[in-house]
Protein chains: 4
Amino acid sequence: MTETIRFDDRPGEECGVVGIFAPSEDVASMAYFALFALQHRGQEAAGIAVCDGETARIRKDTGLVSQVFTPENLRSLRGRYAIGHTRYSTTGSSVLRNAQPFLIETRYGPLAISHNGNLVNTYALRRGLLQKGVGLLSSSDSEVITLMLAGAEGASWEERIRTTMPKWRGAYSLVILTREGVFAVRDPWGFRPLSVGRLKSGGHAAASESCALRTIGCEAIREVKPGEVIRLSNTALSVLQALPPVEPSALCTFEHIYFSRPDSIWDGRSVHHIRQRLGVELAREAPVEADVVIPVPDSSIPAAIGYARESGIPYNDGFIKNRYIGRTFIEPTDSLRKQGVALKFNVLEENLRDRRVVVIDDSIVRGNTSGPLLRLLREAGACEVHLRITCPPIVSPCHMGVDFGTCEELIAHHRTVEEICRHVGADTLHFLSLPSMMRAIGRATGYCNACYTGAYPLDVEPEQAKTGFENSIC
Amino acid sequence: MTETIRFDDRPGEECGVVGIFAPSEDVASMAYFALFALQHRGQEAAGIAVCDGETARIRKDTGLVSQVFTPENLRSLRGRYAIGHTRYSTTGSSVLRNAQPFLIETRYGPLAISHNGNLVNTYALRRGLLQKGVGLLSSSDSEVITLMLAGAEGASWEERIRTTMPKWRGAYSLVILTREGVFAVRDPWGFRPLSVGRLKSGGHAAASESCALRTIGCEAIREVKPGEVIRLSNTALSVLQALPPVEPSALCTFEHIYFSRPDSIWDGRSVHHIRQRLGVELAREAPVEADVVIPVPDSSIPAAIGYARESGIPYNDGFIKNRYIGRTFIEPTDSLRKQGVALKFNVLEENLRDRRVVVIDDSIVRGNTSGPLLRLLREAGACEVHLRITCPPIVSPCHMGVDFGTCEELIAHHRTVEEICRHVGADTLHFLSLPSMMRAIGRATGYCNACYTGAYPLDVEPEQAKTGFENSIC
Amino acid sequence: MTETIRFDDRPGEECGVVGIFAPSEDVASMAYFALFALQHRGQEAAGIAVCDGETARIRKDTGLVSQVFTPENLRSLRGRYAIGHTRYSTTGSSVLRNAQPFLIETRYGPLAISHNGNLVNTYALRRGLLQKGVGLLSSSDSEVITLMLAGAEGASWEERIRTTMPKWRGAYSLVILTREGVFAVRDPWGFRPLSVGRLKSGGHAAASESCALRTIGCEAIREVKPGEVIRLSNTALSVLQALPPVEPSALCTFEHIYFSRPDSIWDGRSVHHIRQRLGVELAREAPVEADVVIPVPDSSIPAAIGYARESGIPYNDGFIKNRYIGRTFIEPTDSLRKQGVALKFNVLEENLRDRRVVVIDDSIVRGNTSGPLLRLLREAGACEVHLRITCPPIVSPCHMGVDFGTCEELIAHHRTVEEICRHVGADTLHFLSLPSMMRAIGRATGYCNACYTGAYPLDVEPEQAKTGFENSIC
Amino acid sequence: MTETIRFDDRPGEECGVVGIFAPSEDVASMAYFALFALQHRGQEAAGIAVCDGETARIRKDTGLVSQVFTPENLRSLRGRYAIGHTRYSTTGSSVLRNAQPFLIETRYGPLAISHNGNLVNTYALRRGLLQKGVGLLSSSDSEVITLMLAGAEGASWEERIRTTMPKWRGAYSLVILTREGVFAVRDPWGFRPLSVGRLKSGGHAAASESCALRTIGCEAIREVKPGEVIRLSNTALSVLQALPPVEPSALCTFEHIYFSRPDSIWDGRSVHHIRQRLGVELAREAPVEADVVIPVPDSSIPAAIGYARESGIPYNDGFIKNRYIGRTFIEPTDSLRKQGVALKFNVLEENLRDRRVVVIDDSIVRGNTSGPLLRLLREAGACEVHLRITCPPIVSPCHMGVDFGTCEELIAHHRTVEEICRHVGADTLHFLSLPSMMRAIGRATGYCNACYTGAYPLDVEPEQAKTGFENSIC
């Protein structure tokens, strides 16, 4: 009759990381609040590890940050510094096994790691570890990173990190907990975001997005630069340029388009502001005569405001989103759907009837949600529907940490824009061009646009380029 | 260190009700989807009762609709018709005991009731039942309604409902499940909303808000009129004007201001549209020279758009709300709060720095959230902050189903507008006047404005007017 | 592949009740410990209600006593007196709805009831309540008892109990919580046990079995006499002979045979001692030449010791029972069972090989466990297997609170002893005769033996005698 | 008021292991049933890993076997062979982290291990692994065993096991799952039990105790000999004497005294039979004039029967044990205890009053339960109480897998028998002498009696001999 599933045309496999070094005892709470602000980056598992300089403690579980942690278990996570992780995952059974932080005991004491990103040479690195006689618990590249550090030579963690980094190819924004403190590490391409800031009460924090740092009251926020290793401390930051930054850098465009919270700063730019400018560029590149501009809430609201402002067409709400759509809920059956049962969005008929409507959406990945949305507009009496997308068609999978799925799943991989337009039932459809998108962002280069172009900024090992290696542990 | 609490300056004690009569077997699923669309009216408990014409089955529990129901337990709720309820509640231990629907066995077969509203003569009615030797399970006026119907005389449920209604004074929008089918009943004052519609696949449905009816694909939606008793059926509705409507009616203004979803129709008016007009009226009544108009998301967005449009001041986002704030989460301690930890909202500095900001909010009840919000704007560099509220000051408690708290808790009960302005730290503060609010709604009379005026449309029994009777069962 | 089920050839539908009146604040804990000692009488739900003389509080849920209660929820059950209940139930969905104590608000304040037993005129009493316009929440005769008391006239609870008792026909051992204190009430037939005792620290307690009273340190334990109403207090008990005891009384024999814990006193007799004497009588009535006497653990151990002593045949263990068999577990499939997978019992081959074995069991109800047990003995090399049962064949259902199932389910209802002997694969089978059983108990009359004879000590209403009335609420 | 704790004077830290190799698909169910029969060896966590020859799958969690596994999750554990583990653990937070089987990916494919026992050179082995740059997840010696195998050289798992075994010093009964099948491995001292048998339906199984093999229908059961490595298969077993057995062997006496189920065979001897003979030896060594012999149920029942038979004093029950005492329950406060609240045992007064009582118990470890038990006997009117223990005083901790606690916790470490006698309130107290105990067992040598003598059969590394090494991960 009914089934519990997850439906969405949004990409997954993102994660959020945090690190806190504070004189207070409340580091676990601080990490909790920062993770809470990064919940949008992953809702399937969460974890926090703390250390008092000697012993490390950890708690991680599947579920939302607010489900994994209670005042009681936070209280038991006493320490002087902490790292945390919130995880998006596609797998079922092994969710907990892959949950982070990874915490192990090494000859140098405890080592815990939270990782956002994806290595493109995992297969070779795993093989190397296994050949050395090391056992692996999971299929995760994050465990590979952890065990490589555990086996690294060097007089200090800083040295061991520095000497191991050249072996990792791909995206890694890391926070690392050791007896020497917390390190924030970013790959030399700069794929995924990572920022640090100063806590008003003393100490420092690192997090995937600046919004999390501001949530916990940070000042003097700046990004960890590509190739940097920064040790958090109570006083000044200790900064090491471990690897020279790759030129040009390869920042993920999609953080602007969809992932990051609008109140975050990415590449020194306000994400909210960029999104408004994407709307402005869209209006210039693909104008249309219409009566109203509406967003697909929530991520497209700033772009719709920008489009409206630039085009002079009034902005208004067209869709009302059910705020209680969560990770899992019961979906209507096909037969109920045909009777008009529509859970996620309702429309505001009075803003749509007999109107020519411009709909702004951030992206089309698999192409299974735009159709039903546009149908709702038609049923509400919209006489024309013009769909405008704030990025180019996504034609290639991401190997650097975004779960767009395979080529087969990407609608733009095997359909033209005209075909997609017909498929979703729009009168006109326009994807923002790459140059206009980059103009909105304000830089011509320095970003990874592989998902739009297929031109990856680094070689991907063939095993991963296909389907991912077969793991023998489930 | 930390505590799990619930904080909000929003009123509570609202509920959502649904009734479905459908030829399909899927009535429980239909009720589920409709309840899901009414989740904003109550997040503490949910329930569905079904009947096959002979036997009734029920499932109810504390939690969100998506937590209470699974495909399995929905499947076991087989029947031809159903009613459902989603509940807001302030109590802890007795949540389940007060959860609805109430289902009992009577001499006329099973009887189940879902109730939105509040009677003002509960104390007398309870006393009457107890004196007759009836035992009561809960402190709820909804149980009183149920047991009065169980004891009523009459040849049919329609007759028993009709003859009992005159004894109930106050707000009651009911759906009632019996062997004769599902009834939708609304008090003669029309305090709380209740609508009916026709299912495309056959049958009818009733729900607190039209948005829920549209979610399950209803057509020909109309409100149940004050004093009406409507029996849902597969074919035509059976409509009885059981009590003459009270003149003038006493529709709850606050459904427009805050409660209802913007995609609902209340009193024949689009809630979203009314909210935009409230913004327009605010702009006319309390103009100010400023650089940007921002809403407190989400309920104030349409009003902010209206204010911006009328005033010519650009609309923009100023606050970003954390979408994962749920019913319960761990709140920062005072000491963390002083360090700047702020979970619910972040600000968009680039839209605020050195700007004169107009902030639109729907209401001020207890007055404990506006202050911190405005402080965030100041810290982000706003040079002026002008707070505009889309309704008058709330000075009196509601006895008809809204939990505004007691007089003592209402900030406007004992402070002037100037005092409140200073308290929240605004440069200027304006509450929309009653006439302007009614002008936005489009009617001069027919609404209950007791919370703004203290003039109740009916007498409230003294026991309730004080603190509520003391119940001897917890 | 596998299924989670409950299997047993033991009767169900028994319950345990407790009442505590103590000057200490710890009445909820006392009730918990007493319920814990009565856990064998029902494992499906448990509950405790407390009262401070004004307000009553309750907690009940499905599960074992140790699962329903935590130190935290016990702490919140503050009061001066308490009642509790542990329940065996056959139903699934409505377990919680039927869980006890029942607690309601009446015109005389709160009223809570815990009931062990079963009325035989429930149908007529329910009809009477429904006709008066009372609504019923469950199918339970215990709710009927509660609501009849709520509607009773009289100046005190003692009076209301006294005047209502004559209307109840059947088995009822009750503890009742009111603003006037806790009452212990037993039907005039005396079907089910109920005892009272004095707490060393002051106050009194009542419980289904004396073992529970001893567990909480009671002295001066005596049975509540048939027809008595006793009010517990801090000082002397207040005793009322509300109804004359029926002569002869109708005490349940099966409490001796199986239900009661061996450390309880029933009818002034040690249950353990009676069980040993049942073994002695069996040895006299059905001697056999054999090498070893073994019990089916645990309830048959005393009888096996008695049989061994009287017969001179050595006693030894033959079966080892898995102590972790709980309410639900995964049962082997038929195919696994054929391969010899046997979860509940293993055998001690060295005590059985080439031996002539006498197996003592307490009763045969449905007849589905003896066969597999005896097969295990044969496989272990027993050359002869003689099954001896400590009571006569059970040929009629119980309507006074024991769930033997229907006539159809009772193997002895439609098979002779010889047929049962062949069915279970014994060389010889003997059921203890009624006179010998009563000789072991030490009384010729005063017990209800309807399950062995079909002669009920009171008329059972036809509806119940058939299949139980059809309830229209599930 | 009350606290949830675990109390017992029984040793812990035992575990149960199983391995199944069967042609059927039901290996997970078989493992489940075998674990269920080993539940007495550990109640804190359970797990099963399966393999289809290529991919391994695992499920493990805290809780009883019946709580960890459901028909659904067993169904998903498809494979041709399986291993399982049930664990006793003293720690709280890290229970899951230490739960077994340990499953890792190695260069040779998946490797899973279930371990019963304890190594005495763990500290050195851990240090060795860490020095090689391996990271460790837990403080468990079982993980050390797993990772050493992962890093071992050799052409086959058999070879790798054989070449690694000499490095392990201490107790290890292992089942190991690999792509080559399941191996059963026992240390050359033979500390802990491990048996193999043939499944009637084809295939073989290994388990800690023979009772588990019989529960799943095994035939031709024999013990894995000290130093043996046996590969399970569908046809004949492949047996390798990997290490020469240490002479004399060091079988754990305490398996006879307390751990093993009475229906198991240990060292070719029936545990139940040995326990009866322990009672016989006790009667010879420490006779006393008395009226009744009673056991402390359940483990001491056979010994009490043996004592009674040898002494001619009648056997009877004296204590009734509450069958529902589980892992955790709420304990009475001291004040309640003083009032006589006693949860675990009640006494049968009629068997004790004015009697001279011999109480048989298996052992005294910490000495905190005998006192209260004997007090119950006195209160029931026993005029003399003679305590007889079926083993010598335990004076030294076990380093081979039994959690007797530290020297400080062992009452016999710092008190004489006379002092213990006074402490527990017995009239006389006798511990069975070592020679008599060994006579009951039927061998003079070949057993480890270090807990009675302090003479360990192998050197224990100093770190462990003290308090266990300090682990830096909690």
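**Figure 1. Surroundings of D:E247.** D:E247 counts as exposed because 11 C-beta neighbours lie inside 10 Å; by the criterion used, a residue is exposed if 12 or fewer other C-beta atoms, placed from the backbone, lie within 10 Å of its own, buried if 20 or more do, and partly exposed in between. The model is predicted: local features need pLDDT of at least 70 and side-chain atom pairs count only at pLDDT 80 or more, whereas totals for chains, interfaces and linings use all residues. Residues are numbered from 1 along each chain as its sequence is written, and chains are lettered from A and ligands numbered from 1 in the order in which they are written. D:E247 is placed in the loop between β14 (238-241) and β15 (251-252) of chain D; helices (H or I, at least four residues) and strands (E, at least two) are DSSP runs, numbered from the N terminus. Between D:E247 and D:M30 there are 217 residues in sequence and 35 Å in space, C-alpha to C-alpha.

**Figure 2. Helices α10 and α16 of chain D.** The axes of α10 (residues 271-285) and α16 (residues 434-441) of chain D come within 8 Å and cross at roughly 140 degrees. Axes are lines fitted to C-alpha atoms, for helices over the stretch in contact, with angles from 0 to 180 degrees between N-to-C directions. The two helices, α10(D) and α16(D), are therefore oblique to each other, a class left after angles under 35 degrees (roughly parallel), over 145 (roughly antiparallel) and 65 to 115 (roughly perpendicular). On the side of α10(D), the contact is made by D:I274, D:R277, D:L278, D:E281 and D:E285, and on that of α16(D) by D:S436, D:M437, D:R439, D:A440 and D:I441. Contact requires C-beta atoms, placed from the backbone, within 7 Å.

**Figure 3. A:V18 in the nonpolar core.** The largest nonpolar core has 651 residues, and those with the most contacts inside it are A:V18, B:V18, C:V18 and D:V18. Such a core is a set of buried Ala, Val, Leu, Ile, Met, Phe, Trp, Tyr and Cys residues joined through C-beta atoms within 7 Å. Neighbours within four places in sequence aside, the contacts of A:V18 include A:A31, A:L38, A:I83, A:V175 and A:A212.

**Figure 4. Chain pairs without contact.** Chain A and chain C are joined by no contact, and their closest C-alpha atoms lie 14 Å apart. Chain B and chain D do not touch either, with nearest C-alpha atoms 14 Å apart.

**Figure 5. Contact between chains C and B.** The contact takes 27 residues from chain C and 26 residues from chain B. On the side of chain C that touches chain B, β6(C) gives the largest share, four residues.

Conventions
Contact = placed C-beta atoms within 7 Å.
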